[in-house]
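Dear colleague,

I am handing over the structure that we discussed, with the sequence alongside.

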Amino acid sequence: PRPILLTRHGESRDNVRGRIGGDNVLRHLVEVIVTCYDSDKGEIYAKKLANFVEKRLKSERAASIWTSTLQRTILTASPIVGFPKIQWRALDEINAGVCDGMTYEEIRKNMPEEYELVLFLFFWLIRLNSSSFFIMAEVRLHSVSLVVYELWSITITCPEVSHLFPCFFCKYRARKKDKLRYRYPRGESYLDVIQRLEPVIIELERQRAPVVVISHQAVLRALYAYFADRPLKEIPHIEMPLHTIIEIQMGVTGVQEKRYKLMD
Ligand code: F6P
């Protein structure tokens, strides 16, 4: 059996700030001195990973290192020497579209346009339906739709108060409800990511030598689920911690898994 080692890149500045997507460098010394001095975790992990890979794949001269085309994975791979490195665009993190670089909190506050349309349609549906009712019902429905319309206007013009309304129309909540299918505006869904990973998976299956895949949370969830045979609906919720290597061994008896947590 030959191993496939899956790992996320070392902690990046965006990880520390809670921002999604982007193409940020690893958390390095200058940044750490400017902010708070604990440790330059991203770079430390890159070095620890290189040590691990060197020992683990010492006799595996045909092994290769696959990264995405984003800086944080390329930098994580940089201390590893002696193995060919291949960059795959298909290993890039899920494209968060207009939300790229935002925190989850900012997305919730700044995306009223995401539910604006749904509310608008709801408002008109009520109006349409009401024409077939008695006058009283119609008045009542109109007042309901007016209240909805008012809430909608307030929410659109004043996103700060939007969290006060139990807004089940909100698409951001829709992501929580159906994270697998939710597609970021002008971005991707998990299903899109799974689809674009197909050539990577075919190539991984074809390889006879070990492969180290350094990629991102959403992408690794999908890759891991494929090898660990996890159901589609679980993929967006699989735990994929930083600074941890998941080793998958594909043998005749099936797939075996080991995890190495190199640091916090
Ligand atoms: O926060 C790191 C990150 O890799 C983001 O770039 C990406 O959008 C996110 O994780 C994917 O995780 P989730 O689908 O849980 O938001």
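This is a predicted model: local features need pLDDT of at least 70, side-chain atom pairs count only at pLDDT 80 or more; totals for chains, interfaces and linings use all residues.

Residues are numbered from 1 along each chain as its sequence is written.

The chain has eleven helices and six strands, where helices (H or I, at least four residues) and strands (E, at least two) are DSSP runs numbered from the N terminus. Of the 264 residues in the chain, 31% are buried; a residue is called buried if 20 or more other C-beta atoms lie within 10 Å of its own, exposed if 12 or fewer, and partly exposed in between, with C-beta atoms placed from the backbone. Among contacts in the chain with a separation of 6 or more, 64% are between residues 24 or more positions apart, a contact being two residues whose C-beta atoms, placed from the backbone, lie within 7 Å.

The six strands form an open sheet in the order 3-2-4-1-5-6, with mixed pairing; two strands pair if DSSP finds at least two bridges between them. Strand 3 (85-87) and strand 6 (254-261) are the edge strands, each pairing on one side only, and the twist averages 20 degrees from one strand to the next. Angles here run from 0 to 180 degrees between N-to-C directions, with axes taken as lines fitted to C-alpha atoms, for helices over the stretch in contact.

Strand 1 is mostly covered, with six of its seven residues buried. Strand 1 runs parallel to strand 4, to which five bridges join it, and Leu-5 has Val-212 of strand 4 as its bridge partner. With strand 5, strand 1 runs antiparallel over six bridges, and there Arg-2 stands opposite Met-250.

Strand 5 (residues 244-251) in turn pairs with strand 6 in the antiparallel sense over eight bridges, and the two form a hairpin with two residues between them. Thr-244 stands opposite Lys-261 of strand 6, and Gln-249 stands opposite Gln-256. Strand 6 is hardly covered, for the count of buried residues among its eight residues is zero.

Helix 11 (residues 217-228) lies across strand 1 (2-8), strand 4 (211-215), strand 5 and strand 6, and runs at about 155 degrees to strand 1. Helix 3 (residues 41-56) has 16 residues and reaches 22 Å from its first C-alpha to its last, close to the 22 Å expected, the expected span being 1.5 Å times one less than the number of residues. Its buried residues, among them Tyr-45, Ala-46, Leu-49 and Val-53, pack against strand 1, helix 4 (71-77) and strand 4.

Why is Leu-191 partly exposed? Leu-191, in helix 9 (residues 190-196), falls into that class because it has 16 other C-beta atoms within 10 Å. Leaving out residues up to four places away in sequence, Leu-191 touches Leu-180 and Arg-181.

Finally, the ligand is surrounded by Asn-15, Ile-20, Gly-21, Glu-93, Ile-94, Ala-96, His-216, Gln-217, Ala-218 and Pro-236, each counted if its C-beta atom, placed from the backbone, lies within 6 Å of the ligand. This shell divides into five nonpolar, four polar and one charged residue; Ala, Val, Leu, Ile, Met, Phe, Trp, Tyr, Cys and Pro count as nonpolar, Asp, Glu, Lys and Arg as charged, and the others, Gly among them, as polar.

With best regards
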